[in-house]
Amino acid sequence: MATEDTKIKQAEQAHLDYVRGKIKIAEEITAETITKAKQSQKDLEDHFYDDVRLKTSTYEGQMETGVSVRQQQQMLEQRQNRWQSATRDMETLQKLYQNAYFARIDLKEDGEAQPEKIYIGLSSFVNPNDSDEYLIYDWRAPISSVYYDSGVGEMTYNAPSGPQRVDVTLKRELQIKNGKLIQVFDTDEAVGDRVLLENLQHQSDTKMKSIVTTIQKEQNAIIRDTSSDLLFVQGVAGSGKTAAVLQRVAYLLYRYRGKLTPGQVILFSPNQLFNDYINQVLPELGEQNMVQMTYYQFMRRRVPRLTVETLEQRFDESLTDETQNVTTLKNSLALFKAEGEYADSLNQTGAAFRNIMFQGKVFISKEQINEIYRSFNPNYRLRNRLEATKEKLLQILKQRMGMEMKKRWVEEAVEGLSSEQIEILHANAGRQRTDDDRDARFLARQVVKAAFAKVHQQIKRNRFFNINQQFVNFLRQVPELVNLSDWHVTLSEWQTSVRATVKRFQAGKISMADVSIYLYLFDLVTGKQPDLKMRYLFIDEVQDYTPFQLAYLQWNYPRAKFTVLGDLNQAIFTRDSSQTLMADLRQLFNPDKIRVIKLLKSYRSTAQITDFTKQLIPDGQDIEAYARQGEVPVLAVTKNHEQAIQRLFQTIVTNQKAEETTAVIGKTLAECRQIAADLKDREVSTTLIQTENQRLAKGVVIVPAYLAKGLEFDAVVMWDGSKDNYPTDQDDKLVYTICTRAMHRLEIISIGQPSPLFAAVNPADYQLVKE
Ligand SMILES: Nc1ncnc2c1ncn2[C@@H]1O[C@H](COP(=O)(O)OP(=O)(O)OP(=O)(O)O)[C@@H](O)[C@H]1O
């Protein structure tokens, strides 16, 4: 006799077979739609001009032809859309056919006698023969929230009509592979630990995966939030911030389907490598990727003539700590506000202009431009003022061009034109030759136009505005706008920093702190319109952003709701200022519209690794380890470089036997290059990640710390965790970030005495090896 479990499994397999049967029917219907749409598109293309009424001899005829062509085009587009959407449906159906759903909940709404069975999968599916029969609910549907938020028993969820009370009578996890039911598991909890543990034991991949089957309750809150203007997710390393937020993008695209497109969602990521790492999650969930970029890219594309300090340079600079207070001020909200006020004051004082030159002489002087600029009504807004100045300058140019037409040089130039050039000029203007005065005037105008083309372009593109000078003027004026002593900066320190900026400028370079200040000023004066189209903005690793950058992003995307993710313990670029991040954000957003969600459980690493890493940072005691077991971390102390490389070699060999991807994480790129060369001598094949534009690979990866942000690996070897390399408590965040990249195995190799940071760790929580 079959046991209860077997009976359940049989019944579920029978249900699955039934659903798959319906999916097959839907596939057939969709295949037919595709064929028809394709055929009718082809017919339309083949006979495009047969159906267009071509009448071109009269104006009305041309109009009619235009309308007719447009109609045909519209029909073609419609059919193309039909075909594309049917093709997408087909892909979804094919996915569902293999893996229809992953969970079932039975729930009773108030007053109902029988519970309803809800099967949850990647997309929804309705019986093609009976549109009332919902066979699969999308994981993002309101009702699916019940699965993630509650165990068995009564609960309330947010139904479209408002809060709805339900009694959950069954929660069942269903594991399906290639259309076959592998496992059935009933649970009382929100999301069962069993599947989660199984998922987390998997080996790392070079690509991140979706977590749709095991979303945790706190993560579900992040995913489904629609009311906050600022959602700040503070999560410890490995707590699933990135994972949850990608699910959130998929959720928003579903919830606002038809109103929100992937192009209206933007994610700022720490580096390109990370972009590559996460770019499969949304397609796996059946959605297109959002716009992704780094803050560096966001800046750099706007200043093509300047070289912006790179990630690597920035990291090295932040390690030198020379002008920390000056940098803190430059990165502050106070400076952002001061800059706004400064820009406003230009209304009265005038802006920095450069002479407009023509044939090597001053054509319109900067003083003259300034006079025009200041001549407008005092309540002219800044951007209108520059716009109005531009118009006035174009007017002057036009008048001047009119005057020039009669000048001798123009006459000479016209006389010098070959008959071929004259033909071309006429042809380009679509003009018939008249061989009289009108021709002479036409040619003179062409000559003058060509001569003034550059001037015209300069005016059009605001080149008469000297942004470089204006920016330096602003920096020079900062001591009058901000109280330097509040920032523990002396006047001479500030002046020195301005000189350094000017010097960098002369060499065509600009620092990361300066570039935002520079562009904000440019935008204010030239009246750049902010991007009103973007609706959701995500920032990963927000602790590495400065308050200035956040304010500037908000200024650029005023209609976007912000979701920012961060771990203050991983602030490797901004360090101290990250502590005041929350206070700064409170100034930028309406405090009633800010929601903070904390994630304290670390899913990435084994309990042993989390218990070790949490002792490296001051507030680590709150971090909860997820109960996945592994070996304790190893601290290997070696006497010299040679011994350290030998140790590394052995560890890699061991990891390779276990088929684990190992990342060797060094502090600087130089250090990583050295390790790669040493391992090559020992015939170990490795991938050295030198720039953020590379791809991750399986096997052994060597990567500098600042590029390892957000990534994870089966095994991590921290290279040279010695006192020489990480001498003080100040290095805690960097060391924490490196060590928390490990999922299953962590080893720290130290050349000589280890960093004092490791002294804080209970010796029982790691294995000390002395070579
Ligand atoms: N609910 C979940 N189900 C399954 N896996 C999860 C879940 N939450 C997180 N993980 C896994 O834990 C790991 C860490 O997640 P993620 O990279 O999103 O963390 P993070 O908070 O962004 O980390 P960090 O700040 O250290 O970069 C990933 O492998 C992710 O897939």
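## Burial and overall form

Of the protein's 771 residues, 51% count as buried. Buried means under 20% relative accessible area, exposed over 50%, and partly exposed in between, with a 1.4 Å probe and protein chains only. This is a predicted model: local features need pLDDT of at least 70, side-chain atom pairs count only at pLDDT 80 or more, and totals for chains, interfaces and linings use all residues. Residues are numbered from 1 along each chain as its sequence is written, and side-chain values use heavy atoms, leaving out hydrogens and water.

The protein holds 26 helices and 26 strands. These are DSSP runs numbered from the N terminus: helices are H or I with at least four residues, strands are E with at least two. Along the principal axes, the C-alpha atoms fill a box of roughly 110 × 75 × 55 Å. Among contacts with a separation of 6 or more, 73% come from residues 24 or more positions apart. Contact means heavy atoms within 4.5 Å.

## Surface and charge

The accessible surface comes to about 36,900 Å². Carbon and sulfur atoms own 48% of that surface. Areas come from the Shrake-Rupley method with a 1.4 Å probe; for residues, only the protein chains shown count as cover.

The protein has 99 positive and 101 negative charges, and their mean positions are 6 Å apart. Lys and Arg count as positive, Asp and Glu as negative; His and the chain ends are not counted. Each charge is placed at NZ of Lys, CZ of Arg, CG of Asp or CD of Glu.

Glu218, Asp619, Asp622 and Glu624 form a negative surface patch. Patch residues have over 30% relative accessible area and no salt bridge, with like charges joined within 9 Å. Glu624 sits in strand 19 (residues 624–625). Its relative accessible area is 39%, so Glu624 is partly exposed.

A positive patch gathers Arg305, Arg354, Arg461 and Arg463. Arg461 lies in the loop between helix 17 (437–460) and helix 18 (467–481).

## Positive phi in loops

Asn462 is also found in the loop between helix 17 and helix 18. Its phi is positive, about 60°, although Asn462 is not a glycine. Asn462 counts as buried, because its relative accessibility is 13%.

Gln359 is another non-glycine residue with positive phi, near 50°. Gln359 lies in the loop between strand 12 (356–358) and strand 13 (361–364). At 54% relative accessibility, Gln359 is exposed.

## Salt bridges

The whole structure contains 29 salt bridges. A salt bridge is a side-chain nitrogen of Lys or Arg within 4 Å of a carboxyl oxygen of Asp or Glu. Asp611 pairs with Lys614 at 4.0 Å, N to O. Asp611 is partly exposed at 29%.

Glu642 and Arg682 meet at 2.9 Å, N to O. This pair links distant parts of the chain, 40 residues apart: Glu642 in helix 24 (residues 641–657), Arg682 in the loop between helix 25 (669–681) and strand 22 (686–688). Glu642 is partly exposed at 47%, and Arg682 is partly exposed at 23%.

Glu747 and Arg647 form a salt bridge at 2.8 Å, N to O. Here the pair spans 100 residues, from Glu747 in strand 25 (residues 742–751) to Arg647 in helix 24. Glu747 and Arg647 are both buried. Elsewhere, salt bridges with shared partners join Glu12, Arg104, Asp106, Arg172 and Asp186 into one network.

## His15

His15 lies in helix 1 (residues 4–46). His15 is partly exposed, at 21%. Leaving aside residues up to four places away in sequence, His15 touches Tyr101 and Tyr119.

Conventions:
Patches are made of residues with over 30% relative accessible area and no salt bridge: like charges are joined within 9 Å, nonpolar side chains (Val, Leu, Ile, Met, Phe, Trp, Tyr) within 5 Å.
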